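Here is a short report on one chain. Look at the model first, then read on.

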Amino acid sequence: MALLMRCTHQGTELQVFGDKLQCPAHGSKFANNGDVTNGPASSGLRTFPIVIDNQQLKVSLK
Ligand code: FES
């Protein structure tokens, strides 16, 4: 399963650069914890709880 990460400004799909995310539309940047580090986006990315269970990474989408 793949999760698309979309910018909180106008919904453009984000690009990954190392451990950071960048929006190609208007230049917003996000840290690996979802916090905005550069606008115009004004709110951070949605985050999801994760657990490692018996060597499997599980992401809660609730
Ligand atoms: S849609 Fe991402 S910065 Fe505008």
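In what order do the elements of the chain run from the N terminus on? They run β-β-β-β-β-β.

## Model and overall make-up

This is a predicted model, in which local features need pLDDT of at least 70, side-chain atom pairs count only at pLDDT 80 or more, and totals for chains, interfaces and linings use all residues. Residues are numbered from 1 along each chain as its sequence is written.

The chain has zero helices and six strands. Helices (H or I, at least four residues) and strands (E, at least two) are DSSP runs, numbered from the N terminus. The C-alpha trace spans about 40 × 25 × 20 Å along its principal axes. Of the 62 residues, 10% count as buried. Buried means 20 or more other C-beta atoms within 10 Å of the residue's own; exposed means 12 or fewer; partly exposed lies in between, with C-beta atoms placed from the backbone. Two residues are in contact if their C-beta atoms, placed from the backbone, lie within 7 Å. Among contacts between residues at least 6 apart in sequence, 12% join residues at least 24 apart.

## The four-stranded sheet

Four strands form an open sheet in the order E1-E2-E3-E4, with antiparallel pairing. Its edge strands are E1 (15-17) and E4 (36-38), each of which pairs on one side only. Strands count as paired if DSSP finds at least two bridges between them. E2 (residues 20-22) and E3 (residues 29-30) pair in the antiparallel sense over two bridges. Gln22 stands opposite Lys29 in E3.

## Core and the cis bond

Which residues make up the largest nonpolar core? The five are Cys7, Leu14, Cys23, Phe30 and Ala41. Such a core is a set of buried Ala, Val, Leu, Ile, Met, Phe, Trp, Tyr and Cys residues joined through C-beta atoms within 7 Å. In soluble globular proteins, nonpolar side chains tend to be buried together. Leaving out residues up to four places away in sequence, Phe30 touches Leu14, Lys20, Leu21, Asp35, Val36, Thr37, Gly44 and Leu45.

Pro40 sits in the loop between E4 and E5. The peptide bond from Gly39 to Pro40 is cis, with omega near 20 degrees.

E5 (residues 50-53) and E6 (residues 56-59) pair in the antiparallel sense over four bridges. Ile52 lies in E5 and stands opposite Leu57 in E6. Is Ile52 buried or exposed? Ile52 is exposed, because 8 other C-beta atoms lie within 10 Å.

Asn54 is in the loop between E5 and E6, and its phi is positive, near 55 degrees. Gln55 belongs to the loop between E5 and E6. Gln55 has a positive phi of about 65 degrees although it is not a glycine. Most residues other than glycine have a negative phi, and most peptide bonds are trans. Asn54 counts as exposed, with 5 C-beta neighbours inside 10 Å. Gln55 is exposed, with 5 other C-beta atoms within 10 Å.

Ser60 is in the segment after E6. Ser60 is exposed, since 8 other C-beta atoms lie within 10 Å. Beyond its neighbours within four places in sequence, Ser60 is in contact with Phe48 and Pro49. The C-alpha atoms of Ser60 and Pro49 are separated by 5.5 Å, and the two residues are 11 residues apart along the chain.
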